[in-house]
Amino acid sequence: MYRFFVEENQIRDEKVHIQGEDVNHIKNVLRMHPGEKILVSAGGTEEYHCTVEAYADGEVIAAVDEVTAAQKELPSRICLFQGLPKSDKMELIVQKAVELGAAQIVPVEMERCVVKLDAKKAANRVERWQAIAQSAAKQSKRMIIPKVHPVVTYQEALAMAEEMEVGLIPYEHAQGMEHTREVLEAIRPGASIGIFIGPEGGISEEEIRQAMERCVEPVTLGGRILRTETAGMTVLAVLMYLLEGKTGQERKE
């Protein structure tokens, strides 16, 4: 079933009132008829199983058939701090980060970034990336639409990470895999996590030093050098596996 997002005030009297761009998508792209089933999320833990009922006054009205508790979000809020890459790589990064469970994506201007965006271009790119995040959230049946933040400086990103309980930064000269395993396995479900990924040119030694001063832990991703669009996905996939595994184990206990 297709997933759509609404605000809580759009659900009332056992009806969902879908508005905005989704109306055209449902009516003219998907060509859905009354009686067809959809899923709706208002950003919480409840999933609304609905039946399209009617098109009226610029909205789609759907009847709520059932409300279920959905466990589709990771037990930890993960923020991906992504060094600005070249070309359309950021679009791929946003899409896959959302699929893998990231709650926030923050584009970061770093020392070795080739891309330099002025304010107008940055705003347009962020708007585009947010649309991609919304589409990926629908496709992957997320309960929330992860936020793509405006572009920030590295110092601003480090300040944001200080509010989080765990900070990680993949670095080719980090200690070996055993140390990385210990760092990752020590993360408990529920902890807020920030992941720093460098641009194509990598992360400078000065940036690593500044990150470590803010208690961001360097980790290794193995003996190979990964592209910027691969590194973040690798860390997210490992964390998804570890966190959901621990949560499942805790439920059994």
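This briefing covers pockets, a cavity, cysteines and selected residues of one structure.

The model is predicted, so local features need pLDDT of at least 70, side-chain atom pairs count only at pLDDT 80 or more, and totals for chains, interfaces and linings use all residues. Residues are numbered from 1 along each chain as its sequence is written, and side-chain values use heavy atoms, with hydrogens and water left out. The largest pocket holds about 530 Å³ of space. The count of disulfides is 0.

**Terms for space and elements**

- Pockets and cavities are found on a 1 Å grid over the protein atoms alone.
- A cavity is a set of points where a 1.4 Å probe fits but cannot get out.
- A pocket is an open set with protein on both sides within 12 Å along at least five of seven lines.
- Lining residues have an atom within 4 Å of a point.
- Grid points are joined across faces, edges and corners, and a volume is the space filled by probe spheres set on the points.
- Helices (H or I, at least four residues) and strands (E, at least two) are DSSP runs, numbered from the N terminus.
- Nonpolar covers Ala, Val, Leu, Ile, Met, Phe, Trp, Tyr, Cys and Pro; charged covers Asp, Glu, Lys and Arg; the others, Gly among them, are polar.

**Largest pocket**

- Its volume is about 530 Å³.
- The lining has 27 residues, and the closest to the pocket centre are Pro170, Glu172, Gly202, Ile225 and Leu226.
- Strand 12 (193–197) and helix 7 (228–252) each supply at least two lining residues.
- Helix 7 gives the most, with 3 residues.
- By class, the lining has 10 nonpolar, 9 polar and 8 charged residues.

**Second largest pocket**

- This pocket holds about 320 Å³ of space.
- Its lining has 14 residues, with Asp22, His25, Gln134, Ser135 and Lys138 nearest the centre.
- At least two lining residues come from each of strand 1 (2–5), helix 1 (21–29) and helix 3 (119–139).
- Helix 3 supplies the largest share, 6 residues.
- The lining splits into 4 nonpolar, 4 polar and 6 charged residues.

**Cavity**

- There is 1 cavity of 30 Å³ or more.
- The largest cavity holds about 30 Å³.
- Its lining is made of Leu80, Ile93, Ala97, Thr228, Glu229, Gly232, Met233 and Leu236.
- Helix 2 (89–99) and helix 7 are the elements that give two or more residues to this lining.
- Helix 7 gives the most here, with 5 residues.
- The classes are 5 nonpolar, 2 polar and 1 charged.

**Cysteines**

- A disulfide is a pair of cysteine sulfur atoms within 2.5 Å, and the count by this rule is 0.
- Cys79 is in no disulfide; the nearest cysteine sulfur, that of Cys113, is 16 Å away.
- Cys79 is buried (under 20% relative accessible area; exposed is over 50%, partly exposed in between; 1.4 Å probe, protein chains only), at a value of 1%.
- Cys215 is also in no disulfide; its nearest cysteine sulfur, that of Cys79, is 17 Å away.
- Cys215 is exposed, with a relative accessible area of 66%.

**Positive phi**

- Most residues other than glycine have a negative phi.
- Cys215 has a positive phi of about 65 degrees although it is not a glycine.
- Cys215 sits in the loop between helix 6 (205–213) and strand 13 (217–219).
- Glu14 also has a positive phi, near 60 degrees.
- Glu14 belongs to the loop between strand 2 and strand 3 (15–18).
- Glu14 is exposed, with a relative accessible area of 63%.

**Gln10**

- Gln10 lies in the loop between strand 1 and strand 2 (11–12).
- Gln10 is buried, at 12% relative accessible area.
- Its side chain reaches the backbone oxygen of His17 at 2.6 Å.
- Contact means heavy atoms within 4.5 Å.
- Not counting residues up to four places away in sequence, Gln10 touches Lys15, Val16, His17, Ile18 and Gln19.

**Val64**

- Val64 is part of strand 6 (residues 59–69).
- Val64 counts as buried, at 19% relative accessibility.
- Beyond neighbours within four places in sequence, Val64 is in contact with Glu14, Lys15, Val16, Tyr48, His49 and Cys50.
- Val64 and Val52 are 12 residues apart in sequence and 9.1 Å apart in space, C-alpha to C-alpha.

Conventions:
A polar contact is a pair of N or O atoms within 3.5 Å; within protein, one must be able to donate a hydrogen and the other to accept it, and residues adjacent in sequence count only if both atoms are side-chain atoms.
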